[in-house]
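Please keep the sequence and the model in view while I talk.

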Amino acid sequence: MKQGLPTVLYGGDYNPDQWPETDWDDDIKVFKQADINSATINVFSWALLEPREGEYDFKKLDHIVAKLSQADFKIVMATSTAAMPAWMFKKYPDVARVDYQGRRHVFGQRHNFCPSSINYRRLAGRLVDQLARRYAGNSHIVAWHVNNEYGGNCYCENCRRAFQEWLKQRYQTLDNLNRAWDNNVWSHTIYDWDEIQVPNELGDAWGAEGTHTIVAGLSVDYLRFQSDAMLSLYNLEKQTIEKYDKQTPILTNFHGTPNKWIDYHAWAKDQDIIAYDSYPAYDDPAYVAAFRYDLMRGLKHQPFMLMESTPSQVNWQPYSPLKRPNQMRATELQAVAHGADTVQYFQLKQAVGGSEKFHGAVISHSQRTDTRAFQEVARLGHDLKKVGADFKDAATPAKAAIVFDWSNFWAFEYVAGITQDLQYVPLIMDYYRQFYQHQIPVDVIGVDDDFSQYDLIVAPVLYMVKKGLGEKISTYVQNGGHLLTTYASGMVDESDNVYLGGYPGPLSKVLGIWVEETDATVPGQTVKVAFDQSAQRYEGRLLCDQIHLTGSKTRALAHYASEFYAGTPAVVENVFGKGLAWYVGTRLDDQGLGKVIEHVIDRTGLTGLTSQTTDLEITRRVKDGQELYFVLNLRNEPRLLPTDLQQAGFVDILTGAAPKAKLEPWDVEILKCGMDQ
Amino acid sequence: MKQGLPTVLYGGDYNPDQWPETDWDDDIKVFKQADINSATINVFSWALLEPREGEYDFKKLDHIVAKLSQADFKIVMATSTAAMPAWMFKKYPDVARVDYQGRRHVFGQRHNFCPSSINYRRLAGRLVDQLARRYAGNSHIVAWHVNNEYGGNCYCENCRRAFQEWLKQRYQTLDNLNRAWDNNVWSHTIYDWDEIQVPNELGDAWGAEGTHTIVAGLSVDYLRFQSDAMLSLYNLEKQTIEKYDKQTPILTNFHGTPNKWIDYHAWAKDQDIIAYDSYPAYDDPAYVAAFRYDLMRGLKHQPFMLMESTPSQVNWQPYSPLKRPNQMRATELQAVAHGADTVQYFQLKQAVGGSEKFHGAVISHSQRTDTRAFQEVARLGHDLKKVGADFKDAATPAKAAIVFDWSNFWAFEYVAGITQDLQYVPLIMDYYRQFYQHQIPVDVIGVDDDFSQYDLIVAPVLYMVKKGLGEKISTYVQNGGHLLTTYASGMVDESDNVYLGGYPGPLSKVLGIWVEETDATVPGQTVKVAFDQSAQRYEGRLLCDQIHLTGSKTRALAHYASEFYAGTPAVVENVFGKGLAWYVGTRLDDQGLGKVIEHVIDRTGLTGLTSQTTDLEITRRVKDGQELYFVLNLRNEPRLLPTDLQQAGFVDILTGAAPKAKLEPWDVEILKCGMDQ
Amino acid sequence: MKQGLPTVLYGGDYNPDQWPETDWDDDIKVFKQADINSATINVFSWALLEPREGEYDFKKLDHIVAKLSQADFKIVMATSTAAMPAWMFKKYPDVARVDYQGRRHVFGQRHNFCPSSINYRRLAGRLVDQLARRYAGNSHIVAWHVNNEYGGNCYCENCRRAFQEWLKQRYQTLDNLNRAWDNNVWSHTIYDWDEIQVPNELGDAWGAEGTHTIVAGLSVDYLRFQSDAMLSLYNLEKQTIEKYDKQTPILTNFHGTPNKWIDYHAWAKDQDIIAYDSYPAYDDPAYVAAFRYDLMRGLKHQPFMLMESTPSQVNWQPYSPLKRPNQMRATELQAVAHGADTVQYFQLKQAVGGSEKFHGAVISHSQRTDTRAFQEVARLGHDLKKVGADFKDAATPAKAAIVFDWSNFWAFEYVAGITQDLQYVPLIMDYYRQFYQHQIPVDVIGVDDDFSQYDLIVAPVLYMVKKGLGEKISTYVQNGGHLLTTYASGMVDESDNVYLGGYPGPLSKVLGIWVEETDATVPGQTVKVAFDQSAQRYEGRLLCDQIHLTGSKTRALAHYASEFYAGTPAVVENVFGKGLAWYVGTRLDDQGLGKVIEHVIDRTGLTGLTSQTTDLEITRRVKDGQELYFVLNLRNEPRLLPTDLQQAGFVDILTGAAPKAKLEPWDVEILKCGMDQ
């Protein structure tokens, strides 16, 4: 059993090796002014640590570790394997990836190691062995940070061979493989494992990486393989560290929106703590970040680390306007509200060169502390010092869960279907946003999670239903659970082969429907949808299922109200066993979907954290029975606190006073029931 | 002399090898419910037929053929050479193409064989030999279907060598070649055939494949070469089959809009019947499909096969909305109206995997027949059974012809000219649409067709005028013919060298004009055009020729009415010998072009199939002197039948009754003069 | 000391080797009708001159030279090295470039030689040696034209080696190199020169060529290296010619808008005369061409040659509408107004084939002279014959200068910053346009030019401030100079490393400011800006600096008037020594920037060439104390001459009469003070 984090970490990536040692004391003094208590080091130092193969030089790192230890910093120690030294590319060209265009890369950039390179594995493993042996004893190290932001695929010959082996494990026989990929189509039958090619532009791919492919089964399997291959790299490092240190948590930092290349559900079990790098864009609505945090928290159903975030601007998004006064603090606390137990920045000190020299930092190029950005960093440091113990390790309970699944993500976006507008994440977000707006806590979970602990499972576009999942869902509802799903669900098995007998395949019975065919709306077109007898019309788009009710207790909640299928069901409710199941046959607009969700909430008995309508974000963390309400104004305008949170007994632990009735722009209150104070 | 088709075929692509044999009887039973009488088989079975080089396994195909024969199906037997087995790519990498980016491909996709690969030729030839020998005697085989949808170029070293040989045949000497490509420009002189490179991104190309190139003469010749090389593959298979079967028609299936890679005029003479795969997009106006059918019929001036079409949706267009009720039937009968003697679908049964698993089929994933789509398929089957004999082999007479020419298509789109907006097909379509709207039957023909059988030849953007074509056109008009042509005509010879002495080169005399220079309109700009003394103004765009009248009997029908050249001729009429020639100097808007066309119709004496204005589609097929009027409502709204088709004596052969005065959405009437009934 | 041009050249590129010799006499006769006195020959004749390696054939060129000499044409003799013969690619594949995608090219196109190919150097050098030896004595040759329009990069292995050598020269040690590129970031430390890779798609690049890169220092150095490598090719040819001819000017032709690949400041010192190819697009405002001419004139502070321009249309821009009547003459004379001492066309005779067959020419495909285009060419020829001696060698004095710097161009567009909209040229143009609109003559100069001769230095987005430049600027202002600069200035050193201590780094003191942070506007957003107490609001966008005033004599001229930083300085004035410095903290709209410029003009004492507001273009050339005012109406509408140019004493030397008060569309007057007449 690993130990947890000793305290709420406040800090982030620090690269003293980019600076003269004479700067370090000053840097630490500045950090302390902001109550920064932690530094992530050694993320990209391989070239310094191993200037020539097998020659290690830890002198500088020793100094850094000593300096930070003396200053009583909690150290997150990275392994430096995410960017390979130039000499390694030269000596072992196979360490570099071959891209989707079929080209072997050379030295440059980062995050570009081939997961099947034996040279990379050998050299990375040896470096990590040296590091772990040397620093395992340092009690200031509170976490090991393996590599960095894994992601991206390789399409080299070594990966091709490894993929063939992976497929042998999965399918055992070529007959199984040919059936799984339906290889009789287009004469794709494989007679020898060695005939299998990687799905890039030279082979079976069609369009840019990550879009439509010819044999989706092959492409989905390739993503699974690459995710697994990367995971084996991670575990190589993890197991090496554990030879020397069995207590300290080991992890890598997840990232992305969500990252399409890595199945984080598959990876989560090998993470001692989930760590996440969060970079919402200026035009991402607040619920987008909220969704990502809930996804991260759901990976292990535990608090996570906010491993990276910017104290001011990033430099690689199209536009990075200044964060408005207090905006940075509010958006960092949003992560905490959703389960983060750390606040860490990339980066603590701004480099003068390289790709990220205009990425924000605690110590900026001006090297001054009388700046707005630094003052906000310091204020947040003081806040966390004050209230960190209140929320650390607190849970974030939810009675509803939204299903997010990487195999579905991949398979759905590889569909060559009746519309080109199939994007997985926005469709999931349609549903997340509804619960967010109703202040109803949700978990974001995977298909292998335990459904029975939830009153409601929301599984939009559950296109791929792997073996057993249909039964699992049916049992859940049979036993009194509530299921909400949509168009494009229940269509294919785990190898992307369509279920025969009518859509939505294994979900047909629990939903009490058969979908005969599906209309695709064209640009500019929407289809009208009506609920009950109401004259109000809502709009459906993307896909419009033609639904037949087949269950004895199935009824339509809404009908189409235009096109030749006007009057046929658009939204359906089915009583199944002790539970209920709903099917939404088209991509409803927000108002229409709101109608569905209100009905579902009502039937399921879910309640929000406020009974009032508000566009404040309200979440809850619970620790030792004590509830904390995080109330965030994530807008540049003031907002009123709902009156049911203004009741006597609430105290804002940030101020120690009763909550203010009006939250200024980007203001935050963390409310605790006063009785425990 | 080959035999014709024994009956109107109704059926399409069927892949029983993707299904257990136990399904086959059920499938056939379902097909029979829809009066399906034919199946196209063996299109992509190479990997099953030849699991290892030289080892053939026809057992499954024997069963399929036997089963279909027992059921008295007409079999269209494909040769399976369009998708190569994985082992072939591995053993003979040269069978795969090198792309425009210069990259050799590997196993994957389909339609990707190099036309210059001796291994592909050898292996394809041997497979076809086996097939033809084995099945030549089967009387149920009504056609041999060679390969599938030829198209796409290869840029490999073998193609480079073969191209050099092809050029030697064409030009005999390097002097001729250098002159043809005007190689003194930019120091491109060739001193050895071996110096010649293929025009891809590594060499002379400029921009994406199919767009502008540096030496257009080279690029046009390369397309001619690739079309010829592909044709030689077709003929290799054809001649192999003819060793065993001299009676049954042999063909491949043409496709595209139109397909830019294959000169179908050059290919037509080697097709026993023209076969066409028709997939109009949801937003293609009805005249677009009509044009393509007329083009196909014109290739041999004979009825053609509608070889593929979807019974419901396709899965590879950006958007494939559901066909509205009865829409499928109407659009299939549109092909018949324009000369199709078959109605065939891709596909009869929907695969569970592969790239086209969401492409529509007669038997869909639900495997039910109580579906709207199946019922419409069955209704059309009953219709064809009833009236097929009436239209089979019927001609489609026309007194006007529109010229469509692949060399012009290629050369015109390769022009580096004064505007980037040069696209051949839309400009041809401007003119086709006019005649379509006037219900005037037209043939779409090539430059080598006999012009003398037509009252009017419409040759828009006849940019490339090969040797002899100018004289042929002049003689045609001299003898009383009527010519309508446009801007961008008569500019270059067959090697894309400009005719000196003034545009439109060899057409100058027959048109009585000299074009001094040409304005290019810029985005958002149009130029006003006025006819006679009328105050009405029309709009020209794209190109605006500055025209001088040089003939003694030349006159302007319209003038520009804006820009510095206001008052100069925009549309010209010339009396030449016994005929008339018209020149339209700019891309007129529909109304303006309508003015020109009405004048041309009037002077030429052409008449439409109705004297009334209607947006019903009306065409005519004639057999043994009996006229059939196909009246199609290709809109989702009702339309009135023109009163001149409501006269006594007409019978709708679909119903056996008098025509209805109002056609419901997507309704069809096939009218026959009652006297023959 | 080289001789100058003997007269104003009127002519251009002529390729008689594309035509039968029998045409030549007729061509020359036509040219003479237009007072054409010069021809540029032999630009792309390598394949004809050297049909096989080492075998030279000058017979045709001898004839051409003789024919033109007999006709007393001034010959611009090109060296033919810009397009390599096909045999050379075949024999020496290394002569061709490797592209940004990492692909070696083959024969095709032009301008595609690798600057590091020893084979190219050897063969080009030997050809030029032959040419120079043979024709050096011909007195009709008035200039040697080396190669053609240098530009474009190579990324081959030979270039990689040469780049490593170039870096050794520049940095001496790897420590210096690693520091210059800040290579500790992302583990990029180089331990062996041989580890250095070229920055293309396979290595460190990010995005398309010329956009953002990972290590900007590397990419900027690579552009410097390629520019230097190309320059060494130029000098190889130049020095070869000078072995035989030390008098005649030698040059190459510059081009582009501006050309991003070549540092023309670095190249200028080796040009005996600057020559420029000018092809403004139809939608380029007139000031764009004016800017480019001023840039060319500023390279040597001498008159330049207008080496190429079109007499009618070009064929490679998206849209090339006809030039309106008299437009061609006006736009050619615009070059003269800005310092051109020649007017030369591409091309004198239009080819029938190749890539530019639809590019305009003096003798067009019609080969007629009764055309509008030819008549305008002839009119201009007569004009130049009449007035050429008046302007030849005249200076173009200016008291203000705008700084344009290639290293800044490169570095600024490689920034990964807080907005993706960083484009160097448009931001420079903002400022040029202001002076243009005020009829204030400006020079466009480089950072190494002598600032002290100017009353005002305008240096917008001076992002990169190399060693010594900050001091040079400070001294200039200290001594009474005036400096105007902007946002995004003073940020990095010559290796793209940020200056620590606060932006704008070495310019902070002269400007009296510190920029704490910078807002990036997002699409659709602008920030309000107010001057003084005025209620008028202007708009800023792109970047909005948060400025602190630090000088004792610093004051704000304008403030932001929206966003949270409303009320803080947006435009600043600083008194520094005897001079003044202004800083504009955001991209102001034209009106707002106009306010700044008017203030600057007022404080600096600059005056325009007219005291009245006009959108005529007015420039001035001065020779022997005599002023010539070029007044150009570059619009398709009439304009009135400012009354202060209508005063007694002015004569239009084109007409010999007093100036007309109204200039018709595209009319031109060249006014000379009558007293000298």
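Predicted model: local features only at pLDDT ≥ 70, side-chain atom pairs only at ≥ 80, totals over all residues.

In chain B, Lys392(B) and Asp393(B) join their side chains in a salt bridge with an N to O distance of 3.2 Å, where a salt bridge is a side-chain nitrogen of Lys or Arg within 4 Å of a carboxyl oxygen of Asp or Glu. Lys392(B) is buried, at a relative accessible area of 11%; buried means under 20% relative accessible area, exposed over 50%, and partly exposed in between, with a 1.4 Å probe and protein chains only.

Residues are numbered from 1 along each chain as its sequence is written, chains are lettered from A and ligands numbered from 1 in the order in which they are written, and side-chain values use heavy atoms, with hydrogens and water left out.

Staying with chain B, Lys672(B) pairs with Asp390(B) in a salt bridge whose closest N and O atoms are 2.9 Å apart. Because Lys672(B) belongs to strand E26 (residues 668-673) and Asp390(B) to helix H12 (residues 372-391), this pair ties together parts of chain B that are 282 residues apart in sequence; helices (H or I, at least four residues) and strands (E, at least two) are DSSP runs, numbered from the N terminus. Lys672(B) is buried at 14% relative accessibility, whereas Asp390(B) is partly exposed at 26%.

How many salt bridges does the structure hold over all chains? The count is 165, and seven of the salt bridges lie between chain B and chain A. One that joins these two chains is Lys90(B) with Asp194(A), at 3.3 Å from N to O. A network of salt bridges also links Lys90(A) with Glu157(C), Arg160(C), Arg161(C), Asp192(C) and Asp194(C).

That brings us to the interface. Between chain B and chain A about 4,700 Å² is buried, 56% of it from carbon and sulfur atoms; buried area here is the accessible area (1.4 Å probe) that two parts lose on being put together, summed over both. Gln109(B), Tyr319(B) and Phe358(B) supply 16% of the area that chain B buries against chain A, more than any other three residues. In terms of contact, meaning heavy atoms within 4.5 Å, 55 residues of chain B meet 56 residues of chain A.

As for how the copies are arranged, chain B can be laid on chain A by a turn of 120 degrees and a shift of 0.0 Å along the axis, with an RMSD of 0.0 Å, the superposition being by least squares on the C-alpha atoms of residues with pLDDT of at least 70 in both. The two copies are thus related as by a three-fold rotation axis.

Cys114(C) is buried, at 0% relative accessibility, while Cys673(A) is partly exposed at 24%.
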